Amino acid sequence: MCIRDRGDFEFCEGFEGFVDGEYSGWDIPGGEPPLEVGGPCGQAFRGEIGPGQIFAVIARRVLDILMGRNVDVIRVHGILRVLEGCATATPHRLLSARTDTGAEDFLYSAEIELNDGEFVLVQRPASPGEVVVDPLGVAVTDQWIPFEVTLLGLQPVESPTVRVRIGESMLEVPRIALPTPMLSFSVVPGPFAYLDASMAGCTVDFDNISVEALPGLP
């Protein structure tokens with residue numbers, strides 16, 4: 001799980017650079033501060049929230065990821081560990097693969113969510129679009145497992161799809177088409193109790209997160 005594939009990496013992060021409560025290259029958008037814990041590949045990022053706490057996330061953006069390049073696929077992958085007891089009372093988002101037009105204008109996100117003991121894929125378009133939810137299988141807890149979220153068909157020639165793998169589960173489904181100019185891509189790992197913060201409770205660890213921009217299927 002600690003070996004990275006060869007590819008056109010926008011970044012490849014092992015979380016070894018934790019200094020003064022921050023990871024170099026990552027933003028901390030408020031909420032609970034990030035924590036550093038031991039992982040299978042060295043140091044790892046931990047996001048932890050309890051009742052009344054909404055989120056403990058970090059974020060990293062690649063601006064204009066498609067500009068001037070032959071890119072049909074954006075892939076984020078890494079490993080994660082969900083500790084037992086996460087999301088027992090309300091759904092929690094664990095990871096968002098987010099696109100924006102420009103720097104801040106939210107467009108779409110493909111999210112891995114934990115809901116009632118199940119992993120699910122949530123596709124969240126800009127309002128007033130419809131949220132689409134697809135099951136990914138029974139959640140695996142207390143062990144490190146690989147994950148991948150891939151946006152395919154970014155060129156107009158191919159059908160737009162999103163592919164998600166987590167542990168042994170894999171799903172590929174249609175997604176909304178995204179504009180190619182000025183498209184920015186962000187990775188947002190960490191637990192987020194977006195429905196009911198009073199029932200929040202989740203600890204999830206991440207390591208070896210990479211983002212690739214590729215001309216075709218990885």
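The structure is a predicted model, in which local features need pLDDT of at least 70, side-chain atom pairs count only at pLDDT 80 or more, and totals for chains, interfaces and linings use all residues. Residues are numbered from 1 along each chain as its sequence is written, and side-chain values use heavy atoms, with hydrogens and water left out. The structure holds 11 salt bridges, and its largest pocket has a volume of about 420 Å³.

**Strands E4 and E5**

- Strand E4 (residues 35–39) and strand E5 (residues 42–49) run antiparallel and are joined by 5 bridges; strands here are DSSP runs of E with at least two residues, numbered from the N terminus, and two of them pair if DSSP finds at least two bridges between them.
- These two strands, E4 and E5, form a hairpin with 2 residues between them, and the bridge partner of Glu36 in E5 is Phe45.
- Gly38 is found in strand E4, and, leaving aside neighbours within four places in sequence, Gly38 is in contact with Gln43, Arg81 and Trp144, where contact means heavy atoms within 4.5 Å.
- Although Gly38 and Asp205 are 167 residues apart along the chain, their C-alpha atoms are separated by 9.4 Å.

- Tyr23 is found in strand E3 (residues 22–23) and counts as buried at 3% relative accessibility; buried means under 20% relative accessible area, exposed means over 50%, and partly exposed lies in between, with a 1.4 Å probe and protein chains only.
- Leaving aside neighbours within four places in sequence, Tyr23 is in contact with residues that include Phe15, Pro34, Glu36, Phe45 and Ile58.
- The C-alpha atoms of Tyr23 and Phe45 are separated by 8.8 Å, while the two residues are 22 residues apart along the chain.

**Residues with a positive phi**

- Phe15, which is not a glycine, has a positive phi of about 65°; this residue has its place in the loop between strand E1 (9–13) and strand E2 (18–19), and Phe15 counts as buried at 0% relative accessibility.
- Asp64, likewise a residue other than glycine, has a positive phi near 45°; Asp64 is found in the loop between E6 and E7 and counts as partly exposed at 29% relative accessibility.

**Salt bridges**

- Arg61 forms a salt bridge with Asp100, with the closest N and O atoms 3.7 Å apart; a salt bridge is a side-chain nitrogen of Lys or Arg within 4 Å of a carboxyl oxygen of Asp or Glu.
- Because Arg61 lies in strand E6 and Asp100 in strand E8, this pair ties together parts that are 39 residues apart in sequence.
- Arg61 is partly exposed, with a relative accessible area of 29%, whereas Asp100 counts as buried at 0% relative accessibility.
- Arg75 and Glu148 meet through their side chains in a salt bridge of 3.8 Å, N to O, which links distant parts of the chain, as Arg75 is in strand E7 (residues 73–82) and Glu148 in strand E12 (residues 145–152), 73 residues apart.
- Both Arg75 and Glu148 are buried, with Glu148 at 7% relative accessibility.
- Glu148 also meets Arg165 in a salt bridge of 3.6 Å, N to O; since Glu148 lies in strand E12 and Arg165 in strand E13 (residues 161–166), the pair ties together parts that are 17 residues apart in sequence.
- Arg165 counts as partly exposed at 33% relative accessibility.
- A network of salt bridges links Arg75, Glu148, Arg163, Arg165 and Glu212.

**The largest pocket**

- The largest pocket has a volume of about 420 Å³, and, of the 19 residues that line this pocket, the closest to its centre are Pro29, Arg93, Ser96, Arg98 and Val188.
- The elements that give two or more residues to its lining are strand E6 (60–62), strand E8 (92–101), strand E9 (105–115) and strand E15 (183–192).
- A pocket is an open set of points on a 1 Å grid over the protein atoms alone, where a 1.4 Å probe fits and with protein on both sides within 12 Å along at least five of seven lines, and lining residues have an atom within 4 Å of a point; the volume is the space filled by probe spheres set on the points.
- By class, the lining has 8 nonpolar, 3 polar and 8 charged residues, where Ala, Val, Leu, Ile, Met, Phe, Trp, Tyr, Cys and Pro count as nonpolar, Asp, Glu, Lys and Arg as charged, and the others, Gly among them, as polar.

Note on methods:
Helix = DSSP H or I, 4+ residues; strand = E, 2+ residues; numbered from the N terminus.
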